[in-house]
Amino acid sequence: FPFPYTPYRIQEQFMEALYGTLEAGRVGIFESPTGTGKSLSLICGALSWLRDWEEKRRQEEARLLGGGQDGPGSADAAGQPDWVTAFVRSKEQRDVVHRLKEEQIRRKKREDRLEQIRHNVQLKYAAKRKRCEEDEAKRLLQLSKEALSQGAGEGALDQLDHNEEELILAEYESDDEKKVVSGLEEDDGDLEEEHVTKIYYCSRTHSQLSQFVREVQKSPFGKDTRLVSLGSRQNLCVNEEVRHLGALQLINDRCMEMQKNKHEKKSDEEDEGKKRRVSRTTCPFYSYEQMQFLRDEVLVEVKDIEQLVSLGRETKACPYYGSRFAIPAAQVVVLPYQMLLHEPTRKAAGIKLKDQVVIIDEAHNLTDTITCIHSTEVSGSQLCCAHSQLLQYMERYRKRLKAKNLMYIKQILYLLEQFVAMLGGNVNQNPGYQAVSQTGTVLKSINDFLFQSQIDNINLFKVQRYCEKSLISRKLFGFVERYGGPASAVKTNKESEKLAGLQNFLLTLQQGSDKEGDSPVEAEHDHLQTASPLMQIEGFLSALTNANEDGRVILNRQGTVGQSSLKFLLLNPAVHFAKVVEECRAVIIAGGTMQPVADFRELLLCRAGVDPARIVEFSCGHVIPPENILPIILCSGPSNQQLEFTYETRDLPQMMDETGRILCNLCNVIPGGVVCFFPSYEYEKQVYGHWGKTGLLSRLAAKKKIFQEPKKASQVEQVLVEYARCIKCCSQTGGQMTGALLLSVVGGKMSEGINFSDDLGRCVIMVGMPYPNIRSPELQEKMTWLDKTMPRAAGQAPSRVLIENLCMKAVNQSIGRAIRHQKDFASILLLDHRYARPAIFNKLPQWIRERTKVKPAFGSAFAELRK
């Protein structure tokens, strides 16, 4: 290989390994540092395999349709006669041929339609003209309705009261397991196409997904790839009435209610003669014809989420459902990995993983993501507020609710009462004024919690299913929105006097938050966002249906019941990842920094039932030559003070002084930007204050302008802009000031996803080892669980390995911020002698580890840096 450090060669190695993993149907852990073209390699490798796979499939179909089937044998394994075996095989072959012919007809129909749309611009104008005519007809109809409603007088008031029917729960049948109507009308046969072999590409954020889609558009496969981008309703909804709700759960429930109203419209019209028809709001964007047109547009040309939303507004079609209609015919489906990893969300989106390919990019925190998705927490205030709201709702509509609705509502009320009792409170009193007698944190198994709270006799699976299907949280939100606010519009109705308790309760909670220093505007915003805390409680009920050994319930009792909380902690993320790796043909877990990979191999894949022989590990080198990076493990400072930033020693004045002296020396010789990572915000603040008292801060400020990472995410962009502007100004003007120093925090806003390329990061410094807080009850329970369920590895306890892995994952993510492209160069300093220990040293990324130098003294390290 004459040019071993060119990106092309690394991309070629990456694609070869990826192709082989997909062809063999394995689970791959792929590490590719930033700058190696990971996204492009994933696209080209996966799509080239997909093209070959589709070609093989077409050839096999042609062989079967051409009559090239293998002849029947003399007898099968069970010893059946020849004629029986021949009959069975011929019937199976006829069925296969018949199915293949139908698939070919559907495929040809789809390809012809997409080709027609791609080249016939008049179709688009005709569809747009038809939509304009429909909008005009709706506008005229609305004007006529408004004209008729003028002068209605008493009838208008009756209609206003009658609109309250929307808040009443529909009759619920718990044994009815029919699927919720997906939005298709009766003539949905056109969408029943073959389920094409496809690639599901997942990443962490929508911005990363959009970046990937742009890479697809630029790739050789961009013109003829059928790609669809999926997202949440919060990102894809174009109905402003729904979008203004803000909270994701509120948007979801409102959208589902509008769907239900649309499908119930026909039955309402049939019963119009028997009873007064209820006025129900439906979504104007939820139209089959409009979404069918949007689906075809998505399949014709690759579009990211922003382009999809613009197309939805233009075509007056729902991008959320229109994109989902395109899934069966798509070759690549792009989605955030929360949507893939959460099984109910996956099923609701119509994602079928059987024999498909899944690529999870930016997967360095995959285990933590699965744990967070399936863990949930509810506060005592939320429990009491939900109980009060639900009780008032039941009292108001008791006579209108069916027996099963009342039964389930009473069960939920009982659950809420017992949850508050476990926190040491009473649901009938204000949680903000109920003091907790025994404070502290207690961990319980799921079964112990169910028994001690006396709810083990309730079928939580049925209660959870009821909450999902009845939309009770949405009805409750509408009820509180109408009657629970302080500025309620219905004050003349005598029945509203019964709601005084609910209003007073909500006002008390709001006044309590005002006393804590919140502004009235913030308090009102919080009230709107959490108007129905039952949504969070539904998640907690769902978590309690996990297996007893897979999770724990944490009772966090603070000063008052309102401040206390119940939290479910998932211990075994592999149980939720198992279905993904079992159903898929191949799974690729990729990232720029995947070390240490033991977490993925042992805790996630092996525990999910993956055969170790099926797991493939691949780590490619970096695009930069060896001389472009200088990683150093520094064991002591300028005054020969040994660097060991443990919890006991890092607060010592001499340790903070030594750190300051190291930075002062480095800032004298390093141009541009220097990024220094501290283990926590508290320690960074403590060191900064100490330097201010000793004068080290002024010495640093003489060479570099000092910036600090803000805690608020909204301020990060401003700090980065000023940091970059300062470095650029210093490089142009010269003088004593040589750049800027950015004090950051491991695991903070700037340790992931930020590019400190070129002069923005000529040196990255890691102060100490950012071990997690082992006193955390959640971490202690995780460690105990690992020691009980995992074998010891290389003489180390699994809990100890977990702590080291968590630390080194955070370190590797932070120090990877510096080298971002082929011509970049930087130095990396690890300030702690413990990094030289073999167990820690071997968990550095390979491309950094093989170039790292251990320096016992500061003098030799400084000479290397200066050179």
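Is Tyr 321 counted as buried or exposed, and at what relative accessibility? Tyr 321 counts as buried, because its relative accessibility is 8%. Here buried means under 20% relative accessible area, exposed over 50%, and partly exposed in between (1.4 Å probe, protein chains only).

These legends describe a predicted model, in which local features need pLDDT of at least 70 and side-chain atom pairs count only at pLDDT 80 or more, while totals for chains, interfaces and linings use all residues. Residues are numbered from 1 along each chain as its sequence is written, and side-chain values use heavy atoms, leaving out hydrogens and water.

**View 1. Tyr 286 and Tyr 321 form an edge-to-face pair.** Rings of Phe, Tyr and Trp (its six-membered ring) pair if their centres lie within 6.5 Å; planes under 30 degrees apart count as stacked, over 60 as edge-to-face and the rest as tilted. By this rule there are 17 aromatic pairs. In this one, the centres are 5.3 Å apart, with 80 degrees between the planes. Tyr 286, at 4% relative accessibility, counts as buried.

**View 2. Tyr 201 and Phe 212 are stacked.** Their ring centres lie 3.5 Å apart and their planes meet at 5 degrees, so the pair is stacked. Both Tyr 201 and Phe 212 are buried.

**View 3. Three Phe rings form a cluster.** Ring pairs join Phe 14, Phe 30 and Phe 618.

**View 4. Arg 585 lies over Trp 53.** A charge sits over a ring if NZ of Lys or CZ of Arg is within 6 Å of the ring centre and within 35 degrees of the ring normal. Arg 585 is at 4.3 Å from the ring centre of Trp 53.

**View 5. Arg 650 sits over Tyr 683.** The charged end of Arg 650 is 4.8 Å from the centre of the Tyr 683 ring.
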